[in-house]
Amino acid sequence: MKRVLFILFLLPAILMAQGEYRPGDHELLVSPTAFTMPKGNSYVADYQLFFLNYTYAITSRTHIGAFILFPIAKGFEKFFSLGIKQNYLQTPLISGAVWYSHNFESKFGALGNAITLGNYQTNLTINIGAITDYNDYEILFSAGGVVGLTKHVKILAEYMNTKSLLEESDFSGLIGFGFRFQGSRISFDIAGARPFQEDFGDLIAIPYLKAIYLFK
């Protein structure tokens with residue numbers, strides 16, 4: 001009983017220890033968290049070696065970024081997109097942010113809201129949003145968490161799905177699980193992703209790799 005009371009007493013202090021932002025804290029494997037970089041910081045991210053992202057913090061609560069396919073073939077510029085994330089709530093226990101991105105070639109946009117419980121080291125994030133062509137829309141949602149094992153190693157898990165896929169095709173969603181190796185300027189996510197259902201042939205997981213470099 002004393003141990004339980006001690007843990008309950010200690011938990012708020014752990015959660016309130018927000019700590020310092022490090023590269024990768026702004027998102028899970030794919031979905032954004034509500035966290036943002038300090039003003040003037042920026043990062044370059046490389047997803048799966050093919051997709052590149054540069055994001056700059058114009059304030060400590062506002063990110064603007066550009067996303068593009070690595071120039072390996074003609075037409076790579078069609079993937080060019082711009083995005084913004086605005087943190088509107090930041091407390092030791094809960095943070096909130098709205099985000100939006102737009103692809104100019106397809107004229108599709110994605111917008112949503114991220115709610116993050118916890119701190120940089122250990123947290124849980126829920127995203128609810130939509131993909132739209134401004135005539136119709138598709139609701140999407142994700143949930144995931146981060147658990148810090150050490151100062152430099154974290155476990156990440158994330159689940160994603162859309163409303164129509166869940167209702168019309170009984171698609172159980174996509175789940176990812178992996179590790180983040182994190183320093184003060186560089187982080188690497190090494191993970192695997194697969195459909196969240198039993199009958200999917202011999203596939204175990206699709207490898208996922210992300211690298212981020214932070215400029216301070």
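1. A polar contact here is a pair of N or O atoms within 3.5 Å; within protein, one must be able to donate a hydrogen and the other to accept it, and residues adjacent in sequence count only if both atoms are side-chain atoms. The model is predicted: local features need pLDDT of at least 70 and side-chain atom pairs pLDDT 80 or more, while totals for chains, interfaces and linings use all residues. Residues are numbered from 1 along each chain as its sequence is written, and side-chain values use heavy atoms, without hydrogens and water.

2. The fold contains a closed barrel of twelve strands, in the order 1-2-3-4-5-6-7-8-9-10-11-12, with antiparallel pairing. Strands (E, at least two residues) and helices (H or I, at least four) are DSSP runs numbered from the N terminus; two strands pair if DSSP finds at least two bridges between them. From one strand to the next, the twist averages 20 degrees (axes are lines fitted to C-alpha atoms, and angles run from 0 to 180 degrees between N-to-C directions).

3. Strand 8 shows the pairing in detail. Strand 7 (residues 123-132) runs antiparallel to strand 8 and is joined to strand 8 by ten bridges. I131 has E138 of strand 8 as its bridge partner. The hairpin of strand 7 and strand 8 has four residues between the strands, and Y134 in this hairpin has a positive phi near 75 degrees.

4. The hairpin between strand 8 and strand 9 passes through four residues. Opposite V146 stands L156 of strand 9, and opposite G148 stands K154 of strand 9.

5. Which residues touch the most other members of the largest nonpolar core? They are Y21, L29, M37, Y43, A45, Y208 and L214, in a core of 16 residues. Such a core is a set of buried Ala, Val, Leu, Ile, Met, Phe, Trp, Tyr and Cys residues joined through side-chain atoms within 4.5 Å; buried means under 20% relative accessible area, exposed over 50%, and partly exposed in between (1.4 Å probe, protein chains only). Strand 1 (42-47) and strand 12 (206-215) each contribute at least two residues to this core. Leaving aside neighbours within four places in sequence, the contacts of Y43 (heavy atoms within 4.5 Å) include Y21, M37 and L214.

6. Rings of Phe, Tyr and Trp (its six-membered ring) pair if their centres lie within 6.5 Å, and planes under 30 degrees apart count as stacked, over 60 as edge-to-face and the rest as tilted. F51 and F67 are stacked, because their ring centres are 5.9 Å apart and their planes stand at 15 degrees. F51 belongs to strand 2 (residues 51-59) and F67 to strand 3 (residues 62-69), so this pair ties together parts that are 16 residues apart in sequence. Relative accessibility is 29% for F51, which is therefore partly exposed; F67, at 27%, is partly exposed.

7. The rings of F177 and F179 have centres 6.2 Å apart and planes at 70 degrees, so the pair is edge-to-face. F179 counts as partly exposed at 34% relative accessibility. Ring pairs also link Y21, F35 and Y120 into a cluster.

8. N103 is a residue of strand 5 (residues 94-103). N103 is buried, at 13% relative accessibility. Where do the polar atoms of the N103 side chain meet the backbone? One lies 3.1 Å from the backbone oxygen of K78, and the backbone nitrogen of S106 is 2.8 Å from a polar atom of that side chain. Not counting residues up to four places away in sequence, N103 touches K78, F79, F80, S81 and F108.

9. D25 sits in the loop between helix 1 (2-16) and strand 1. Is D25 buried or exposed? D25 is buried, with a relative accessible area of 4%. Its side chain reaches the backbone nitrogen of R22 at 2.8 Å, and a polar contact of 3.0 Å joins the side chains of D25 and K154. K154 is the residue that stands opposite G148 in point 4.

10. Leaving aside neighbours within four places in sequence, D25 is in contact with E20, T33, F35, Y120, K154, R180 and Q182. F35 and Y120 belong to the ring cluster of point 7. D25 and T36, eleven residues apart in sequence, are 7.8 Å apart in space, C-alpha to C-alpha.
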